[in-house]
Amino acid sequence: MRKVSRLSRFNIASLALGLAFLYLPILILVLYSFNASRLVTVWGGWSLRWYHELFNDRAMIEAAWMSLRVAVASATIATLLGTLAAVALSRGERFRGRTLFSGMLYAPLVMPEVITGLSLLLLFVALNVERGFWTVTIAHTTLTMCFVTVVVQSRLGSLDRSLEEAAMDLGCNPVGAFVVVTLPLIAPAIVAGWMLAFTLSLDDLVIASFTTGPGSATLPIRIYSEVRLGVKPEINAICTLVIALIAVVIVIASLASKLSSSQGESAAPL
Amino acid sequence: MAEELPGMNVAAETAGGDACPATGQPLLLIEGVAKTFGMFRAVDGVSLDIKAGEFFALLGPSGCGKTTLLRMLAGFEAPDEGRILLGGKDIAQALPHERPINMMFQNYALFPHLSVRDNIAFGLKRAGMPRADIATRVAEMVALVKLEGLEKRKPDQLSGGQRQRVALARALARRPQLLLLDEPLAALDKKLRESTQAELMELQRRLGMTFIIVTHDQEEAMTMADRIGVMNAGKLAQVASPRELYEAPRSRWVAEFVGDINLFDGESKLRDGRRLVIGTRDAGALVVTEPREAVGAGKLAVAIRPEKIKLSRRAPVNEAGRETAINTLEGVIADICYLGGTTTYKVKLDTGGMLQASVANSARLDVDAYSLNQHVVAWFTPDDCVVLQS
């Protein structure tokens, strides 16, 4: 077993400070979601009242459900496309315009969301597409695909090309070598890419507000419009639930990637 | 076929299904193979034949094209010109998995997500071998490379030497007609490299397989190979046994690349029976044995290996007219390099040139050693000289 080195006091202090900086606001939000008082800033004792109200708020539940569906769908499509792009960029023959292609792929990474959202809106209007679930999903796929590509491509880049060659040398055709050797080795990156896409989509307000239609508001849009009328403790409750969901997903994903890296092609004996 | 291992039928069921030619018969024919990357001609018209059961080494400086040639044999690069015939069949354009050839990679390329056992079994599974046979074969391979007890380990839990063995076992498991080894020992330290060299040779003899090894380490090539092909700038400079390569290099480049050598440029002066007298700029007139291939007129170089040169305090008696007529050169010691087993002296010749002489330290006490600026006589026989056209 690896020896765990003891942390010095300075390290403990800086760690605590860093964590506090990151998580104190979230902690306060979670705490206040259990507040019995109607006033957001006054502590009135423990209660599950706002959760109860939340589950009776149909609009909020629908928005949450919408967000979840969009996040899963767009993350899945983005992961598929992003992984293919990463493979093409790092494994394909040097094709003409490759630099241009990779540059274009990364543009959404730095493009202001307002512009992405507006351009997509113009496109959907021009094509006369009815805005709703699919337009938001497509928009989020555009947004998140490049993130998946970055994550997967960096993993592919660090992967030794000779591993694929060895697989081919030992009887795999090129596709087989990719499936049997490369895919298991980049699986953690693909999972991480999906996670990133999922959370980005769940979190996005700007692009969603441009591309969504009436009756299909996502959770951030819903929360934002509610907050404009005043922060209700109910908002704290829904945010707490979202945080819990993301925490669970992250734990599952990290467990899965740990499992995939410690387990070989065949767990069963030969 | 060489001696068989117990319970192991080496001759039968090679991965390709074709019968392997008997030892000594040509197995691989490379005919005018060339490969160009952009403007760079990496391999430039190489022709070579490898006999079954041979241990062949491709030796050359980095960038000489030896690895590209090996990768064309494995199928990772397709030659632009020429043919590669394995057992009479042209495989130049075949994909790697269609060739009964396996390769051991320089960095071993072990699959990090698979155990030692699954790494070795990888090729067998792809070949559709029944499970029970795979288990038997893997056990054989594990025993062959002495990795018993490590079957369940992952590559990152192994030492460098153990990884090298897994890579070897994995490449051998399919019983290829031809095994390619790309700098297989480069990552090992010196002691381990030497013992592994011996093991590889023993293994190759025992299995009666054909090995082609790529290396930039001439000692390694000399130690292991039956024949060595020296490559320079995409071309084969010479193909010969280690001894021939060292004692009878065909070109100035080979002479200088393989081992250390003293070179004196000059011109042929006169013929004296089987002897030639060559007038050199830096070492005066040297008497050399006439090479088998006639030397033309024009510029020549006389090459002498440092260990062929003897040093003494006084000139040895030179009986004129006798077969042992020797070349004597006088000078002073300019540099001394003690290497343990031998000492290399640099002698500044009175005629102007520098001479390198390697003397075995056959006695523990240095009564015979020369000191700096000491006057010495360096001498060597005509047979010790190689005449090179330059």
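Helices (H or I, at least four residues) and strands (E, at least two) are DSSP runs, numbered from the N terminus. In chain A, helix 10 is followed by Gly230(A), whose phi is positive, near 120°. The model is a predicted one, in which local features need pLDDT of at least 70, side-chain atom pairs count only at pLDDT 80 or more, and totals for chains, interfaces and linings use all residues. Residues are numbered from 1 along each chain as its sequence is written, while chains are lettered from A and ligands numbered from 1 in the order in which they are written.

Helix 10 of chain A covers residues 219-228, and its buried residues are Leu219(A), Ile221(A), Arg222(A) and Ile223(A). Here a residue is buried if 20 or more other C-beta atoms lie within 10 Å of its own, exposed if 12 or fewer, and partly exposed in between, with C-beta atoms placed from the backbone.

Chain A touches chain B through 19 residues of its own and 27 residues of chain B. Two residues are in contact if their C-beta atoms, placed from the backbone, lie within 7 Å. On the side of chain A, the elements giving two or more residues are helix 7 (161-169) and helix 8 (174-203). Helix 7 of chain A has the largest share, six residues. By class, the side of chain A that touches chain B divides into nine nonpolar, six polar and four charged residues. Ala, Val, Leu, Ile, Met, Phe, Trp, Tyr, Cys and Pro count as nonpolar, Asp, Glu, Lys and Arg as charged, and the others, Gly among them, as polar.

Chain B contains eight helices and 20 strands. Its C-alpha trace spans about 75 × 50 × 40 Å along the principal axes, and buried residues make up 40% of its 390 residues. Of the contacts in chain B between residues at least 6 apart in sequence, 64% join residues at least 24 apart. The domain assignment gives domain 1 (26-247) and domain 2 (260-389) of chain B, with bounds that come from an automatic or database domain assignment. The centres of these two domains, taken over C-alpha atoms, are separated by 40 Å.

Strand 11 (residues 262-272) is joined by six bridges to strand 14 (residues 299-304) of chain B, and the two run antiparallel. Six bridges also join strand 11 of chain B to strand 12 (residues 275-280) of chain B, antiparallel as well. Glu267(B) stands opposite Lys299(B) in strand 14, and has Gly279(B) as its bridge partner in strand 12. In the hairpin of strands 11 and 12 of chain B, which has two residues between the strands, Gly273(B) takes a positive phi near 65°.

Most residues other than glycine have a negative phi. Tyr108(B), not a glycine, has a positive phi of about 75°. Tyr108(B) is found in the loop between strand 6 (101-104) and helix 2 (116-126) of chain B, and it counts as buried because it has 25 C-beta neighbours inside 10 Å. Asn373(B), also not a glycine, has a positive phi of about 70°. Asn373(B) is found in the loop between strand 18 (354-360) and strand 19 (375-380) of chain B, and is exposed because 9 other C-beta atoms lie within 10 Å.

Conventions
Two strands pair if DSSP finds at least two bridges between them.
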